[in-house]
Each structure stands twice: as structure tokens, then as C-alpha cells.
Amino acid sequence: MAKQIIKYFFLFLLNLIVLNLVIYYALLKDQKTPKFQAFNCGTLPEKFEFYKFNKEKYKMLYFGDSRTYTNINNLQLDTLLNTSSYNIAMWANWFPNQYAFLQDLLPEVPDGTTLIYSLGHQNFYFGEVQDSYPINAERAKEYYTWGFTIEDLKKPLRQSQTIPSPNLLVCHGEVNNWFSKKLKKFLAVVFSGNKKTKEIAENLQSSQGIVATSSFDKLKNNLANDPEVEKIVDFKQRDTITSYEVYWRRGNYWRVELDSLYFRNKQRQNILTNLKEMKFENWQKFTIDERYWKNFQAIIALLKKHQKRLNIIFNEVVEAPNQYLVNNRSVYEKVMDTKVKGYIQQNGFQYIKVYANDLPDHYYFDYNHLNNKGCCVYSARLADTLKTHLK
């Protein structure tokens, strides 16, 4: 009886493996990393394509995660420093994505360019790796040696459309994406001839446009007419416009608050969440995740290869004051000042830190992203700090 059960179990596994292989090779074997269009205010891959076509125009690059994206006002800095810069940062562009991106970016950067690389203690926490930039299967092998798993990297692997293993359980996202694309095309064909549906959609878009236009305030109108602004988008929470997003042609982003009370309440809720989630053993303690430290060491090693031809400056950024109500600011400063700053300087890179501890919560629209007011204050201070570090 036991032998029969074992026999059926192995037959089941064999069938499952065969099914996985059939699905993998039938649907995914010809998939290649997608090509992206060049767009100065798009996703990170799109911004990279834009930069490749325009790199000779920019002698300075601001690089990092969303804090670089929202906190650095390129036009203001260029005016104060007499520079020409581009902000090549993006939401959730953390160390795993940054490493893959830098491997592609650095060979494209012209000699003599200044690279301002912003980072903070939050970069050394482990979190779900997002799809801000693709990581293909070949590059992922190095990540596995640092302790990352296929599950950790599933989003950037899926974005690259390269599959590390013919396993349906791992590739289910790719299979779903494939079916979704086919289904969308099918539905588009089915409803393409429905003129009434088209007319309703067009009328709805037209009426929405009228409402949106009537809600513009003076600042929004001024920004909309600014040649440095690419576009402005209303940001809604439950059908209420709480703020708007300003996308600048130099790659950076503004969040302009319309309902400040909403954002202050969100910050208070975030504090309560942090208090509930903080475990007693982690109180007044900050430990760098080993996977992210190895990832960071690989980034430093990569940057060193370009150290002689580029002026690379690391810029430490901090969180909003509400993030230090649970753990004191000094807990993080100690680790950053010793291990992180020390390692960066040992490898011959410049390290700066703009004083921002006095910036209040109402200069941030959440836990660490400056709104437009805070961005302007911080950028002015950054300009003063950079003056002595620019070649």
C-alpha cells in the first residue's frame, strides 16, 4: 500500500513538472525584456531612455529612490549652482533595483558628470523588492548569493520577462500577465465597433475635463503655464482631490497639498501604526539587514570602477519628524555615522548631509517625502552644501 502511494505521488510530481514545462515553453520561451520609450517624466526605464538621448545636456545627475524624486528641486538647484541637471530617481527604487539600474546607467554617463547619490537609514531595511527597474534572471544569480530568493525578486523578474526557473508556482504572474494581455486585445476587438459606448466614454472624458479645469487654483494655473512643467495631475483620495502632482521636465516631482488636514491626519495614523508594530526587542534599536548591506557593497564596488571619471557624492537624507517619535533619531544616526558613512569614505567617496532635522511634519506629505514647500527649503540648503564639493 505504501509503495503504491509513493508511486502515485511521484507520478503526480512528474505530471506537474511536465505541465509546468509545457506552459513555460509554450507561452514564455520567446519573451524578451521589453523595450521602453524615452520619456523624461515617465517610469525609471523610460527616464533612462530619455537620458541616453540627452545625456550631453546634463552635467549633474541626482540619483536615488523616491526621496530624491520628491525632495530635490532641479530647476532651483540649477539656478543656484549654475548647473544643468536631471533627476533620474523614482518611487520604490531601492538598493536591489538601483544596482541593476546602475549597471546599465554608469557606462552611459559622460566623463566629468557629477552624480549625487541620496540614501538614508531606511534603505538598509529589508522590504518587498518592487518593479521600479527590471532585474533579469542572469543578474539575479548574484542576488541569490546575498540571500535574496526568487520570491523576493519576483516583481523585477516579472518586469524583465525573464524566468529564472520553469516553475509554474514562480511564474504564475507571468502566465497571468500573458492571459491578461490576450484578453484585453480580445475585448478591444469585441467592443471596437460599439459606437454608442465610444460616444459615452468621450462625453464622460469631456465632462471630467471641465470639472478638473474649474478646480485649478492660481498656483496650478501658473505651474501649468510654466515651460519647465511637463504635466499636472490631480491626486484623489476617495473621489476627493487632496493634492496635485507636478511633473517637472528635469525629472523631479512635486506634491502640492490642497487638503493639509488630510495629510496631517495620515501622519498621525502612521505614528500609531508604528507604535503597534514595534516589537519590544526592537525598541531603541536599528540593525542593518545583511542582504541589503551586501547589495550596498556591490553598489560601492560598481561605483569605484567609474570613480576616476565621475564626481560621485553621497547625500544622506532623513525622515519626517513623526518617524522619530518611536525610535529616537540618534539610534539611526549612530549606525549611519559609523558603519555607512565610514564605509563610503573608506572607499574614497565624498559624503554630505544637509541639516533637515528642523523641518516640521507639515513640510512632508507623509513619512519621508517633502511636499513642494519642504522641497524648496531643502533644495536651497542642498545647494549651499554642494557649492564646496563641486569640481
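This is a predicted model: local features need pLDDT of at least 70, side-chain atom pairs count only at pLDDT 80 or more; totals for chains, interfaces and linings use all residues.
Local features were considered at pLDDT of at least 70 and side-chain atom pairs only at pLDDT 80 or more, whereas totals for chains, interfaces and linings use all residues. Residues are numbered from 1 along each chain as its sequence is written, and side-chain values use heavy atoms, with hydrogens and water left out.

Helices (H or I, at least four residues) and strands (E, at least two) are DSSP runs, numbered from the N terminus. Helix α5 spans residues 95-105, and nine of its eleven residues are buried, so the helix is largely enclosed by the rest of the structure. Buried denotes under 20% relative accessible area, exposed over 50%, and partly exposed the range in between (1.4 Å probe, protein chains only). The buried residues of α5 are F95, P96, N97, Q98, Y99, A100, F101, L102 and L105. These buried residues pack against the helices α2 (44-54), α6 (137-146), α7 (154-160) and α12 (290-304), and also against the strands β1 (60-63) and β3 (114-119).

The axes of α5 and α12 come within 9 Å and cross at roughly 20 degrees. This angle makes α5 roughly parallel to α12. Axes are lines fitted to C-alpha atoms, for helices over the stretch in contact, and angles run from 0 to 180 degrees between N-to-C directions. Angles under 35 degrees count as roughly parallel, over 145 as roughly antiparallel, 65 to 115 as roughly perpendicular and the rest as oblique. The crossing of α5 and α12 is left-handed, a term for a near helix turned anticlockwise from the far one by less than a right angle. Contact (heavy atoms within 4.5 Å) involves F95, P96, Q98, Y99, L102 and Q103 of α5, which meet Y292, N295, F296, A298, I299 and L302 of α12. By class, this contact comprises nine nonpolar, three polar and no charged residues. In this scheme Ala, Val, Leu, Ile, Met, Phe, Trp, Tyr, Cys and Pro are nonpolar, Asp, Glu, Lys and Arg are charged, and the others, Gly among them, are polar.

Strand β1, one of the elements packed against the buried residues of α5, is covered on both faces: M60 and Y62 on one side, and L61 and F63 on the other, are all buried. Strands pair if DSSP finds at least two bridges between them. β1 runs parallel to β2, to which three bridges join it, and L61 has Y86 of β2 as its bridge partner. Four bridges join β1 to β3, again in parallel, with T114 of β3 as the bridge partner of M60.

A further three strands form an open antiparallel sheet in the order β4-β5-β6. β4 and β6 (253-257) stand at the edges with a single partner strand each, so one side of each is left without a neighbour in the sheet. Neighbouring strands of this sheet are turned by 25 degrees against each other on average, direction ignored. The antiparallel pairing of β5 and β6 extends over five bridges, and Y244 stands opposite V256 in β6.

Positive phi values occur at A92, about 55 degrees although the residue is not a glycine, and at R238, near 55 degrees and likewise not a glycine. A92 lies in the loop between β2 (85-87) and α5 and is buried, with a relative accessible area of 17%. R238 lies in the loop between β4 (229-237) and β5 (240-248) and is exposed, at 83% relative accessibility.
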